[in-house]
Amino acid sequence: MLEIENLTVSVADKRVLQGLTLAVPQGEVHALMGPNGSGKSTLAQVLAGRTDYVVESGSVRYLEQDLLAMPAEERARAGVFLGFQYPVEIPGVNNVYLLKAALNARRRVQGEPEVDAFEFLGLVREKMKLMEMPESFLNRGVNEGFSGGEKKRNEVLQMLVLEPTLAILDETDSGLDIDALKVVARGIETLRRADRSILLVTHYQRLLEYVVPDRVHVLAGGRIVRSGDRTLALELEQRGYDWARSGATAA
Amino acid sequence: MNASAPLAAVPQFLRTHSDAHARLASSLPGGIGWLRRRTQALERVIELGLPTSHDEAWKYAPVRLLAQRAADPARLEPGESQSAAHKGSFSVPEARRLVFIDGRFAPALSDEPAAIDDLRADFLADLMRAVPDALLERLAVHSDRAEDRLALLNDAFLSEGIVIRVPAGATPAPLHLQFVCASADRATHPRVIVEVEQGAHLQLIEQHLGSADGNSVDNGVTQVELRGSATLEHYLLLESADRAQVLHGTYVTQHRNSHLIQHRILLGGELARASLQARLEESGAAIEANSLALTPGGEYADAHSVIEHCAPHTRSHERYRAAAGKGGRCVFNGRIVVREGAAGSDSQQSSRGLLLEPGGEIDARPQLEIYTDDVKCSHGATTGRLDPDMLFYLLSRGIDAATARGLLVFAFLDDVVARMSFDAVRRHLEGRIAAALPDAPVIREFL
């Protein structure tokens, strides 16, 4: 599904990713963990098509396509979804209109007709219920006046409506209390399917108690320093990132 | 004519006015007092000259385009050009509409003016015919400031417009005044006089539509007096087309606990200029001034305001939003004066400009003059491009770049429009804004 090879990325003349290699096969949920400043968010943004970063070398293939050659909007239409760490507020652009436009953009590429307005509202209401979001969210500006937790729920809501093929969730668990974390985790779990892949970028292993990953990778200094099964996350929690870094050469 | 001003040095615009004055003065309504006033006003303007780029408040304005314009303030014969509906015209279901074409009332396009409940509306000309020197004491603009010269010129040709009085405690149906410059090469000087008595409320939509044929000048003046606890919601929509020029001055006096909301919209045209001068004369008076300017390419829009806090516990809140495309220019000059003795006053001003593409220009200039302690004043001014984070967020949801840009520009400008009370006004303006942006059809899908 997603194959990243030897990816080197810099921003403002500073190398953030240094030869990162990572593969997420179809149907799997992978967790990407790492200390602050290790390059986790940079990777998420590069995969979603942000152009402020300079890809110096390496390749990213998504469903046998050259992902890096596609502009951000094409990636989204092809089924790549980024759940932002800090979702931006866009006053004046209606939350539900954006969602509808996003869904229709995806359907158009898949050769499907535009979604019926009535059907669409039904779908959104159903997903909002799952995310325990009040109806009033429908008619507000995108993330406008949302609390940190509400913004994260809104990201997962969008993901549930758009049903991406590859979901990259950038610290969707950060800033959530335990109840909200469970709701968000439940949302992610419902998306788990044999033809879909999920990359969870996270700082702590807390989310992974609810969404159990197939693989865990540790990113440090711009590259993957350890990979393993879910027990790696637990070990990391006990031993800390210094331990993971020290194993860099061994990995 | 004043000997100190040799006629050759007088700009074309004033020469045309001077000729018209000689022709028209004796036939305009009003008594000998008015004849004198008009003549004095014209002489004074000719002596002072039109504003130039040396006048601070007109620094960026294409003043030459005004000076060179041979727009004639000649009056139309009744019936001429008065029945056709005009582009940009719209109606507000809950409001009574009075339409003026080239300065003259157009009954065929208007609701019945006489039957307005809880409100007295008189045509200026009728009032001046009935009481020859009516309004004389109320009208004059006494200063020589560059800002006021166009109001003086409006005085010199005063005869068009309406006087609205809302009696104490009344809340009449909203009123929609539509001033249309339909003919090319025409100058009009409409005047609106609004008095809202104690505790009364009025919603007034004042729309100035420039001629599509171009070369017209609409030089309007609106005078507002709000008595104790009166409120006025004033929509000032300056919508000029292409080569039309629309100039407007609002002069406001506010008494105790009165409240004014002004929504100013400046769209299109080679020169659109709105000037607001408000005096908060008694405690508790409050003003909210929201302005929106859009110059997608080649236009000029100038929003000025001077708000004077003259009494304790007065409040002002000013919000300015502007977007300029290539060759477009938006100017904002917001001056707040807090006079001695206006303790406990509160003034907030926010100005935000959006450059749509290289080659656009936005000049925002907040000015604060504070002559007393114990006041709360804040102002912020920013100008920039679209927020890259917002843009990327939309792209990452599959929205194409052109639509994303259009949506963000629209949302930015809609911050002013969304505050308006009337659906019909919002819809009209949102349509106008969307149409002025490059990706009109896709933006419309979102509305």
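Reply: Asn257(B) sits in the loop between β11 (245-254) and β12 of chain B, where strands (E, at least two residues) and helices (H or I, at least four) are DSSP runs numbered from the N terminus. This is a predicted model, in which local features need pLDDT of at least 70 and side-chain atom pairs count only at pLDDT 80 or more, while totals for chains, interfaces and linings use all residues. Residues are numbered from 1 along each chain as its sequence is written, and chains are lettered from A and ligands numbered from 1 in the order in which they are written.

Asn257(B) counts as partly exposed because it has 19 C-beta neighbours inside 10 Å; a residue is buried if 20 or more other C-beta atoms lie within 10 Å of its own, exposed if 12 or fewer, and partly exposed in between, with C-beta atoms placed from the backbone. Leaving aside neighbours within four places in sequence, Asn257(B) is in contact with Gly228(B), Ser229(B), Gly284(B) and Ala285(B), contact being defined as C-beta atoms, placed from the backbone, that lie within 7 Å. From Asp55(B), by contrast, Asn257(B) is separated by 202 residues in sequence and by 34 Å in space, C-alpha to C-alpha.

The assignment for chain B, which is automatic or from a database, gives domain 1 (7-282) and domain 2 (386-447). Their centres, taken over C-alpha atoms, are 32 Å apart, and the contact between them takes 13 residues from domain 1 of chain B and 10 residues from domain 2 of chain B. On the side of domain 1 that touches domain 2, the elements giving two or more residues are β8 (201-209), β10 (231-239) and β12 (259-267) of chain B. By class, that side has 7 nonpolar, 4 polar and 2 charged residues, where Ala, Val, Leu, Ile, Met, Phe, Trp, Tyr, Cys and Pro count as nonpolar, Asp, Glu, Lys and Arg as charged, and the others, Gly among them, as polar.

Elsewhere in chain B, strand β4 (residues 161-166) is mostly covered, with 5 of its 6 residues buried. Strand β3 (residues 120-123) of chain B is joined to β4(B) by 4 bridges and the two run antiparallel, with Ile162(B) as the bridge partner of Phe123(B). Strand β7 (residues 191-196) of chain B is joined to β4(B) by 6 bridges and these two run parallel, with Gly161(B) standing opposite Arg191(B).

Chain B also meets chain A, with 17 residues of chain B in contact with 20 residues of chain A. The elements of chain B that give two or more residues to its side of this contact are α7 (388-395) and α8 (401-417), and the largest share, 6 residues, comes from α8(B).

Finally, the largest nonpolar core has 202 residues, and those with the most contacts inside it are Ile168(A), Leu200(A) and Leu413(B); such a core is a set of buried Ala, Val, Leu, Ile, Met, Phe, Trp, Tyr and Cys residues joined through C-beta atoms within 7 Å. The largest share of this core, 10 residues, comes from α8(B), and the core draws at least three residues from each of domain 1 (7-282) and domain 2 (386-447) of chain B.

Notes:
Contact = placed C-beta atoms within 7 Å. Pairing = 2+ DSSP bridges.
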